[in-house]
Amino acid sequence: MINLVLVSPEMPANVGNIMRTAVAVDAFLHIVGPTVLKLTESDLKRAGLDYINKLSYKVYESYAEFIKLNAPKHLYFISRYGKKRYDEVTYPPINENVFLVFGNESKGLPQELYTTQKETLIRIPMVINVRSLNLSNAVAIVTYEVLRQRGFPNLATFEVIKGDQPV
């Protein structure tokens, strides 16, 4: 399974978009505090709109709690400071969990991860005078690379909901 991990997210719109992506690709969403967002059920429903009822997710008070409860084996940290591109990674096979960890919109990942996770810091290439991509876009880019490598398991490759002809 693909696990999307948001560390201290700040913007409800990004969280809502990421919720939609998680539902669309059957990923599990981990929201790690502390965060300035209100993470009550009603606030998450507002951010996730009609996708929240289909979303598999868990909220954690801290990164330490997330690690303790999940003991993740395959962690990848997405950062502008990564030396390896996200598409150069060979992600684990479909029968193994992969955890894609994203920092928040203003500060990125917690500082200690830049030194303790050097080998698993990966980046999305972009022009040199741009600081970063939108968080929800970054999540989608890396998630779809993992899915591509796994052959897009359980994802529709043709239109199911509206039929095969545009209306």
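Biologist: Buried means under 20% relative accessible area, exposed over 50% and partly exposed in between, with a 1.4 Å probe and protein chains only. Which residues of H1 are buried?

Modeller: The buried residues of H1 are Asn14, Val15, Gly16, Ile18, Met19, Thr21, Ala22 and Val25. Please note that this is a predicted model, in which local features need pLDDT of at least 70 and side-chain atom pairs count only at pLDDT 80 or more, while totals for chains, interfaces and linings use all residues. Residues are numbered from 1 along each chain as its sequence is written, and side-chain values use heavy atoms, with hydrogens and water left out.

Biologist: How far apart are the end C-alpha atoms of H1?

Modeller: They are 20 Å apart, which agrees with the 20 Å that the 14 residues of helix H1 (residues 12-25) should span at 1.5 Å a residue. The expected span is 1.5 Å times one less than the number of residues. Just after H1, Asp26 takes a positive phi of about 60 degrees.

Biologist: How many helices and strands are there in the chain?

Modeller: The protein chain has five helices and seven strands. Both are DSSP runs numbered from the N terminus, helices being H or I with at least four residues and strands E with at least two. The order from the N terminus is β-α-β-α-β-α-β-β-β-α-β-α. The chain is as compact as a globular protein of its length, because its radius of gyration is 16 Å, close to the 15 Å that the globule rule gives for 167 residues. That radius is taken over C-alpha atoms, and the rule is 2.2 Å times the number of residues to the power 0.38.

Biologist: What share of the chain is buried?

Modeller: Buried residues account for 41% of the 167 residues. Of the contacts between residues at least 6 apart in sequence, 75% join residues at least 24 apart, where contact means heavy atoms within 4.5 Å.

Biologist: Take Leu6, then. Is Leu6 buried or exposed?

Modeller: Leu6 counts as buried, at 1% relative accessibility, and it lies in strand E1 (residues 2-7). Beyond its neighbours within four places in sequence, Leu6 is in contact with several residues, including Val15 and Ile18, Ile31 and Val32, Phe102 and Val139.

Biologist: Changing topic: how many salt bridges does a search of the whole structure find?

Modeller: The search finds three, a salt bridge being a side-chain nitrogen of Lys or Arg within 4 Å of a carboxyl oxygen of Asp or Glu. Arg85 meets Asp87 at 2.8 Å, N to O, and Glu88 at 3.5 Å, N to O. Glu145 pairs with Arg148 at 2.8 Å, N to O.

Biologist: Where do Glu145 and Arg148 stand in relation to each other?

Modeller: They are three residues apart in helix H5, which means a separation of about one helical turn. Glu145 is buried at 8% relative accessibility, whereas Arg148 is partly exposed at 47%. As for the others, salt bridges that share partners join Arg85, Asp87 and Glu88 into one network.

Biologist: Which residues make the nonpolar surface patch?

Modeller: Phe158, Val160 and Ile161 make a patch of about 400 Å². Patch residues have over 30% relative accessible area and no salt bridge; like charges are joined within 9 Å, and nonpolar side chains (Val, Leu, Ile, Met, Phe, Trp, Tyr) within 5 Å. The areas come from the Shrake-Rupley method with a 1.4 Å probe, and for residues only the protein chains shown count as cover. Val160 is exposed, with a relative accessible area of 53%, and is found in the segment after helix H5 (135-149).
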